[in-house]
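Biologist: I am new to this structure and would like to learn how to read its features. Could we take them one at a time?

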Amino acid sequence: MSDIFLTNINSVEPMLDEPTTVSKPSKRWRLASATTPSSVVLNVQPDAFSGIDQTSLNAMVREKNVDQLLEAGGVAGVAGALKTDIKNGIGGAVDDVALRQAAFGSNTYQRQPAKSLIHFAVEACKDLTNLVLLLCATLSLGFGIKEQGLKEGWYDSASIFVAVLLVISVSAVSNFWQNRQFQRLSKVSNNIKVDVVRNGRCDQQTSIFDIVVGDVVCVKSGDQVPADGLFLDGHSLQVDESSMTGESGYVEVNSDQNPFLLSGTKVADGYARMLVTSVGMNTTWGQTMSTISGHTNEHTPLQARLHKLTSSIGKVGLAVAFLVLVVLLVRYFTGNTEDENGNQEFIGSKTKVVDMVNSVVRIIEAAVSIVIAAIPEGLSLAVTLILASSMEGMMADQAMVRKLSACETMGYATTICTDKTGVLTLNQMKVTKFWLGQDPVGVSSSISTNLLNLIHQGVALNTFGSVYRATSGSKFEFSGSPTRKAILSWAVRKLDMDMETTKLSCTILHVEPFNSEKKRSGVSMRSNADNTIHVHWKGAAEMILAMCSSYYDASGSMKDLDDGERMKFEQIIEGMASRSLRCIAFAHKQIPEEDHGIGVGLQKLKEDNLTLIGLVGIEDPCRPGVREAVETCRCAGVDVKMITGDNIFIARAIATDCGILRPDQGTTSEVVVEGEVFRKYTPEERMEKVGKIRVMARSSPFDKHLMVQCLKQKGHVVAVTGDGTYDAPALMEADIGLCMGIQGTQVAKESSDIIILDDNFDSIARVFMWGRFVHYNVQKFIQLQLTVTLAALVINVVAVVSAHEVLFDVLSLLWLTLILDTLCAIALATQQPTKDLKEGPPVSQTQPLITNIMWRNILSQAVYQIVVGLTLNFKGESIFHVNEKVKNTLILNISALCQVFNLVNAKKLEKKNKLFWGTTGIAIVLEVVAVEFLKKFGDTERLSWGQWAACIGVAAVSWPIGFLIKYIPV
């Protein structure tokens, strides 16, 4: 013990401030699995932990040093040193918790510092286009000052610098915002709620960050171990330590050979209570997590496709720019170009080097302008903005995105495989029916004493849950899963069960915990009164019934269960199931001690020749609005399949109530199947029938995984819900894994793409709409971006080839293709999913990113802008009776306003979207400012009211064009 504590103490008593008398509370939390006797009530003094060597304590658990633990007095010795009551936990007072955090630290780890805004700005500066623009701006600055002097020569280059700076700023802010969103979501995701016993009461809403050394924590299958600690009591605990050791397989944890639990590992099976010995940075998990950056560099499939599209368009632009560059250079050096005064520009050796360099720089700038016009740089920025906005909207709709790609993949989904309990139903369970033998029972007074004791044992010892009552007159409080709480509530309130008395009357020998594979749980126990050994089973009614050869009637008499009697029980089970009641059965067997094999701790419990004790029917009503949500999915072309562990009768009843089945479909074997039947199909039969199946009952996680595989092989995009540890394979196999935020285990959450925070199917239906919203909004922006890109590219190429000058210089193109389009992207991103997204089939993953309808819209608007631009370029001066600068300003102004009108064209007109109209208004205001007040920087001229009216009128023609082309078939 001296290795752990600085002072060598042979017993824990001198370390405790123990009161002379200990008053026993009337009611405490009674863990159904707990067998450890209660310790004393401990009063923690300010210097209580000064004698503990924290480093040695941490190392003992981390290195799993059993010898050192024995020297410390075992688990009880460590608990005493940490001032922990093994049964009731720490006191939990504010001062107590604060003392422990001061002595041992908090259960948090040092995160890597978040990447700053400057980091993202530097990354944006590395963009090739921005680097080229900065180079051109630098060259333009040097030659401009040389030609026009310092006072006038810096305007053009400064304008380019400002434009590039704005683009870099918007890109950096957007990426910074998205990174911060992921960090906020990560904090929510990492804030796991755990069961902690404090002052005899189990608080199920304790944050993992609030756990302190000395806490008693309850862990069960699917949980993440929240801190380093020692095994107190429990059964069949198996832990997956692969995240820490890298070795596959499960490690058994028990009080004998391996009582050590490490933070960050996952509970694969069983349940236990543990004593926390190290938290936060004193654990290996904390040290590991502190080295991991929270930033994600994930790129979604849509972003990858857009990058490919941008690269392809960019290559075309580079090719065109190179040809234009060659043509202009050949014309210049062959003397076929003239300056503003009509003089030949290049006259061989007579041309000054400075003039020649200036001309070549202008030619290069013209070529660069064509590249800028061709590359739709705003696309990637727009997608980032739309995805970030969608993530925030989905969070408001109770869907937390863990993987960015899921935002868009949901829009492709064609099938959803959903659980029943807690998703389609409220998960608010209550026992409404109880049968002893073949008779319904209402009150406990009609049950024989012996039979009532067996029921109490079957509930108290075979239900992992707790009962708390502060005083004899206060209300009972129950903890555990909804099913367990319903059973405990029924047994306590209806059958007068005293969990404490029942637990103390028996000694648990072995436990087989419930899981979704077995659909039952069992316990063997020794009665302290007569030393007899009993086995109790509880689980799915038809499965427990199949294990029985006799049954008890209400009087407590045992009767044989022949085929006729068995059929009557099956009819009772079917009757309850048809009324949407989950049916749970209790069975019992007394066995001779020589048949139990007490020395063999892992021996399987007896599963045959049991005696049926009784049946309970648990009501779990459907969620309000679930039928409408299912109908919404159906109208949207998403097929809803229900996969449940309940029997086929209750599955059919619930599916009919929810609208998944029509009343006339319930009897069709192809529509409703059991998991075992589906599993036994040949691969060819499964592929043939999987599309017709609407409900799969009595399914295992393997069946769910198998169905997901079959659906994907048939070309479906599959979303699947899950909440248990064994759902992890199906969640990872699916295109979109949806984990339930309330009932979901930590293993399931980490295997999912999206966490549904309220476990509501209606939230899942809204997530589908958000997925489609992302896809359609990106398509809208592509349409806007490519329209202006195509128009500007053609206009510039024609102008350069015909008039040897660019119509849209670099600054004008940056304004049109980046700054103005970024505002358009923000406007689109601020929209909400509309009702029309709920209609029509899902988006196909294989369809082109630019559809025929989009090409029709792009070409029609681009052709109109090209005709207007070239007409004004060649005839604008005579039409408006203006000079060349005003003409160029008119062309730029009309092109910008066409973008604004096209933006409104792309949006469904709605009254309630202030952000959209506000952003559109900002774009218009900035256009006015650029034209009227940035004459020197933008190389523009102020326009008259009449000219503004003409610009608006010409640009507004985009509206009727957009309306009329919808009637052109494609």
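Modeller: We can begin with rings. Keep in mind that this is a predicted model. Here one aromatic cluster is made up of Phe434, Trp490 and Phe586.

Biologist: Are Phe434 and Trp490 buried or exposed?

Modeller: Phe434 and Trp490 are both buried.

Biologist: How many aromatic pairs are there by the rule used?

Modeller: Two rings count as a pair if their centres lie within 6.5 Å, and planes over 60 degrees apart make the pair edge-to-face. The count by this rule is 11 aromatic pairs. One of them joins Phe120 and Phe176, with 6.3 Å from centre to centre and 70° between the planes, so it is edge-to-face. Phe120 belongs to helix 5 (residues 117-125) and Phe176 to helix 7, so this pair ties together parts that are 56 residues apart in sequence. Phe120 counts as buried because its relative accessibility is 5%.

Biologist: How is the pair of Phe434 and Trp490 arranged, and what angle do the planes make?

Modeller: The ring centres of Phe434 and Trp490 are 4.9 Å apart and the planes stand at 65°, so this pair is edge-to-face. Phe434 is in strand 10 (residues 430-436) and Trp490 is in helix 15 (residues 482-493), so the pair ties together parts 56 residues apart in sequence.

Biologist: Now charges. What is the general idea of a salt bridge?

Modeller: Side chains of opposite charge can pair when their charged atoms come close. In this model the count comes to 28 salt bridges. Among them is the one between Asp223 and Lys220, at 3.6 Å from N to O.

Biologist: Which of the two is buried: Asp223 or Lys220?

Modeller: Asp223 is buried because its relative accessible area is 17%. Lys220 has 30%, so it is partly exposed.

Biologist: Which salt bridges link distant parts of the chain?

Modeller: One is between Asp639 and Arg694, whose closest N and O atoms are 3.3 Å apart. Asp639 is in strand 21 (residues 639-643), while Arg694 is in the loop between helix 23 (683-689) and strand 23 (695-697), 55 residues apart. Another joins Asp703 and Arg679, with 2.7 Å between the closest N and O atoms. Asp703 sits in helix 24 (residues 701-713) and Arg679 in helix 22 (residues 675-680), and these two are 24 residues apart. Asp703 has a relative accessible area of 0%, so it is buried, whereas Arg679, at 35%, counts as partly exposed.

Biologist: Which residues are linked in a network of salt bridges?

Modeller: Such a network links Asp397, Asp762 and Arg766.

Biologist: Next, the surface. Which residues form a positive patch?

Modeller: The positive surface patch consists of Arg111, Arg180, Arg184 and Lys187. Arg184 is in helix 7 (residues 155-190) and counts as partly exposed because its relative accessibility is 46%.

Biologist: Which residues form a nonpolar patch on the surface?

Modeller: Ile924, Val925, Val928, Val929, Phe933 and Leu934 do, and together they have about 480 Å² of accessible area. Val928 is located in helix 31 (residues 914-933). Its relative accessibility is 31%, so Val928 is partly exposed.

Biologist: Last, where is Ala546 found, and what separates its C-alpha atom from that of Asn609?

Modeller: Ala546 is in helix 17 (residues 541-546) and counts as exposed because its relative accessibility is 59%. Ala546 and Asn609 are 63 residues apart along the chain, and 9.3 Å separates their C-alpha atoms.

Methods
Residues are numbered from 1 along each chain as its sequence is written. This is a predicted model: local features need pLDDT of at least 70, side-chain atom pairs count only at pLDDT 80 or more; totals for chains, interfaces and linings use all residues. Side-chain values use heavy atoms; hydrogens and water are left out. Patches are made of residues with over 30% relative accessible area and no salt bridge: like charges are joined within 9 Å, nonpolar side chains (Val, Leu, Ile, Met, Phe, Trp, Tyr) within 5 Å. Accessible areas come from the Shrake-Rupley method with a 1.4 Å probe; for residues, only the protein chains shown count as cover. A salt bridge is a side-chain nitrogen of Lys or Arg within 4 Å of a carboxyl oxygen of Asp or Glu. Lys and Arg count as positive and Asp and Glu as negative; His and the chain ends are not counted. The place of a charge is taken as NZ of Lys, CZ of Arg, CG of Asp or CD of Glu. Helices (H or I, at least four residues) and strands (E, at least two) are DSSP runs, numbered from the N terminus. Buried means under 20% relative accessible area, exposed over 50%, partly exposed in between (1.4 Å probe, protein chains only). Rings of Phe, Tyr and Trp (its six-membered ring) pair if their centres lie within 6.5 Å; planes under 30 degrees apart count as stacked, over 60 as edge-to-face and the rest as tilted.
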